[in-house]
Amino acid sequence: VDVSFIPALRAIVGATHILEDADLRRAYETDWTRRYHGSTPFVVRPGNTDEVAAVVAACAGAGVSLVPQGGNTGLVGGGVPRAGEVVLSLTRLNTLSPVDAVGGEVTVGAGATLAQLQQHVRAAGWNFGVDLASRDSCTIGGMIATNAGGIRVIRYGAMRHQLVGIEAVLANGQVIRRLPGLRKDNTGYDLANLLAGSEGTLAVVTAARLRLIPQLPSRAVALLAVPHTAAALAVTASVRAGTTGLEAAELFFSEGVELVRRHAGLPAPPVGTSPAYLLLECAAPANAADELSSALSTIDLPTAFATEARQREGLWAYRERHTEAISAEGIPHKLDVALPLDRLAEFEGRVRQHLREAVPEARPILFGHVGDGNIHVNILGLDPDDDRATDAVLQLTAELGGSISAEHGIGVAKTRWLHLTRSPADIAAMAAIKSALDPRGILNPGVIFGMSALRE
Ligand SMILES: Cc1cc2nc3c(=O)[nH]c(=O)nc-3n(C[C@H](O)[C@H](O)[C@H](O)COP(=O)(O)OP(=O)(O)OC[C@H]3O[C@@H](n4cnc5c(N)ncnc54)[C@H](O)[C@@H]3O)c2cc1C
């Protein structure tokens, strides 16, 4: 990288917000899983949208590529500099506007964390529809860029469904601003939705207008010991049909619970040990526990209920602590796939069988958002470059009509397999959008399409 334009950047953001020191850069150069590394000549930390626009324009003028980064909790390597790009950290853009109580909306800076947003809107009597275990670090901009899903998609949809408007900086430094809070606005292409899931390849998100949901004070959680995935799906379907307030339906297995117990020091689940577990949460203005227990009244499986916050968190811990327990055990291959619901049980059985036979040293730990057909296949025991298990799992996903990425994105981790579940016409259309908005490949080169695709 030609660093002769650093003085220009210093003039834009101030010298203290250009991090050149190796110790200061380090946290920005490795991802959360420790699987993806790179190096950056410096990290630039603009403090507002005008500064972002000026930084992007200066980098574009110098032909220098940028990697936008929020909380660096992404799981597909898309937020770390892979080939000497400049890291554009958005964490200082963390303003939170007052909640619009008439519309149930709020305008948020891209660098605000999910936990900051939750605290802000809850204090005003509202809530936010997307929730993830990485809430203390992941940012709103990163969540939009990855179209994050999480544990409430079954009721409220993913990040794109919360977007009322967006503000973003294009690769040439121009700003697009759609923040007035218009619920209806059919004036051409929906740029906010185009950027949702674009993984930093089309624009830098600087702010968003988000829809809020009512704060539902009555909550109930049930943990069930289920014999297998098919039973979990059947119970979920029956609770879905019998309640109005189902907010989460999470599936996990004995191997994950053992790992979580070991790393988090938790006691055995109150429903005893079981091959699989289903966690359900209902939320309502009142009587969520009645709703959930009556929906489960005909189901004859060991079940633990919780209504108090502490007890609910106790049941959730078996599920929420999976990601950190897996990472504490080693560097996993993380395969976040989606299947049609009627193929999910078959997928789970066939993945395990295939790995046992073809890659016996692979140690699979599965869990997922079962109501969305989303399973996280985590594989321990393999070198980071050993793609045998990845290849097998993603091929099987494609064969069963699924998607190779349900909610984490393609990043750099899955570029080689994109063609499995997107057609040549799809990929050509996406590449045309990329080259129209970022013809010089300034923003996040290599992400989604791979480096070779860009060089062609
Ligand atoms: C414990 C744990 C649990 C998780 N659970 C879930 C889950 O349930 N569901 C789920 O979907 N994800 C989950 N994740 C993954 C991760 O938290 C999400 O992908 C999150 O949306 C990333 O946000 P971030 O701010 O950390 O983004 P980063 O990791 O910094 O970046 C992610 C991608 O977005 C781009 N980007 C970041 N900010 C911007 C911006 N302002 N403008 C443009 N591009 C940008 C980056 O270039 C990169 O490609 C989990 C991660 C962890 C560690």
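The buried residues of α10 pack against β11 (218-226), α8, β13 (276-284) and β14 (303-306), where contact means heavy atoms within 4.5 Å. The model is predicted, so that local features need pLDDT of at least 70 and side-chain atom pairs pLDDT 80 or more, while totals for chains, interfaces and linings use all residues. Residues are numbered from 1 along each chain as its sequence is written, and side-chain values use heavy atoms, without hydrogens and water. Helices (H or I, at least four residues) and strands (E, at least two) are DSSP runs numbered from the N terminus.

In α10 (residues 288-295), Ala288, Glu291, Leu292 and Ala295 are buried (under 20% relative accessible area; exposed is over 50%, partly exposed in between; 1.4 Å probe, protein chains only). These residues cover an arc of only 90° around the axis, and therefore lie on the same side of α10; the arc is that of the directions from the helix axis to the C-beta atoms.

Helix α8 (residues 229-242) packs with helix α13 (residues 344-358) at an angle of about 160°, the axes being 8 Å apart. Axes are lines fitted to C-alpha atoms, for helices over the stretch in contact, and angles run from 0 to 180 degrees between N-to-C directions. The two helices are therefore roughly antiparallel (over 145 degrees; under 35 is roughly parallel, 65 to 115 roughly perpendicular, the rest oblique). Thr229, Ala230 and Leu233 in α8 meet Leu344, Ala345 and Glu348 in α13.

Glu199, in the loop between α7 (191-195) and β9 (203-211), has a positive phi of about 55° and is buried, with a relative accessible area of 10%.
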